[in-house]
Amino acid sequence: MEDEDILDTAEGPQPRPQSLMLTFFGNHVLEEGDLGVYSGSIIDVLGRVGVGEQAVRSTLTRMVNRGLLQRQREGRKMFFGLTPQAGRVLIDGRTRIWKQGAVNDDWDGSWTLLGFSLPDSWKRQRHDLRSRLTWSGFGALYSGLWIAPGHVDVSGVVTDLGLTAHVKIFHAQAAEVTDIEQMICDTWDLESIAARYVTFDKRWSAHLGNGTDHDPIGTRLRLVSDWLRTIRTDPRLPARHLPPAWPARPAQETFHRVAQQTQPALNAARATLETTHLRSQGPSFAG
């Protein structure tokens, strides 16, 4: 998700339709691989979170044109499924959400440094690189030198953007003279990161213990989208170098508790989606 995937509304920042669309496919299609979902089912689900039919249809068309979705006609109905490109994006997100988590208790003391120098006219390339680096956990140590905790493999990101000749990547450890806490404070906006976790925790704690969820698909879509928006700029900094009572841990616990609460009803609600198996060889993402 990039910066332009966020809409500011009276209710606060909201993800754009494409981000919600990717979350929908991550929730219901990623594990199935070659599954296609009827456009009417997609319109129904995204309508529950405030996205109108025309916005859904135009987003589906744009995502097909961008190589993120494939479509298949069955009679008068159109079904949409993931492409390998979208599958890679969603697998990365799945790892970040369900496997890595938001709390880094096992940092090994290493850092990944990435230096780049791009022509002044390459504004879009610079924006894309910075967006992808931010998602991968990097922060700007200096204008052209970015740093992330741990051993981060961003070679694929650099290659995808066609910037291999303009980027240098190193793995290193900080010398004893380096004040890591101060470097972290200078490189990342800890106050903003913490505030997002606090906001998420307050919003979703209210959903716990409320009894039956009458719209588990909509709830899960909002939950995962909100959590992705919360963690997207968190580089998973080493916990031992963060302020006391860092709010990522309770927010993550709330996320998992709400997810667990909605899972049984979500499994049943998935049966209401109209789907088909794609005839063309689709990607297999299970496992």
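The largest cavity has a volume of about 30 Å³, a cavity being a set of points, on a 1 Å grid over the protein atoms alone, where a 1.4 Å probe fits but cannot get out. Grid points are joined across faces, edges and corners, and the volume is the space filled by probe spheres set on the points. The structure holds one cavity of 30 Å³ or more. The model is predicted, with local features requiring pLDDT of at least 70 and side-chain atom pairs pLDDT 80 or more, whereas totals for chains, interfaces and linings use all residues. Residues are numbered from 1 along each chain as its sequence is written, and side-chain values use heavy atoms, without hydrogens and water.

The lining of the largest cavity is formed by Arg96, Gly101, Ala102, Tyr197, Trp227, Ile231, Asp234 and Arg236 (lining residues have an atom within 4 Å of a point). Four of these residues are nonpolar, one is polar and three are charged; in this division Ala, Ile, Trp and Tyr are among the nonpolar types, Asp and Arg among the charged, and Gly counts as polar.

Tyr197 and Trp227 are also among the residues with the most contacts inside the largest nonpolar core, together with Trp111, Trp188 and Trp246. This core has 32 residues, a nonpolar core being a set of buried Ala, Val, Leu, Ile, Met, Phe, Trp, Tyr and Cys residues joined through side-chain atoms within 4.5 Å. At least two residues each come from E6, helix H7 (180-187), helix H8 (190-205), H9 and helix H10 (248-269); H8 gives the most, with six residues. Beyond its neighbours within four places in sequence, tryptophan 227 is in contact (heavy atoms within 4.5 Å) with Ile97, Ala102, Tyr197, Phe200, Ala251, Gln252 and Phe255. Another core, of 30 residues, lies apart and includes Leu20, Phe25, Val56 and Leu221.

Helices (H or I, at least four residues) and strands (E, at least two) are DSSP runs, numbered from the N terminus. Serine 205 lies in helix H8 and counts as partly exposed because its relative accessibility is 31% (buried is under 20% relative accessible area, exposed over 50%, partly exposed in between, with a 1.4 Å probe and protein chains only).

The buried residues of H5 are Arg126, Asp128, Leu129, Ser131, Leu133, Thr134 and Trp135. They pack against helix H4 (84-100), strand E6 (110-116), strand E8 (145-149), strand E9 (167-173) and helix H9 (216-231). Just after H5, glycine 137 takes a positive phi of about 100 degrees.

Key: On a 1 Å grid over the protein atoms alone, a cavity is a set of points where a 1.4 Å probe fits but cannot get out, and a pocket is an open set with protein on both sides within 12 Å along at least five of seven lines; lining residues have an atom within 4 Å of a point.
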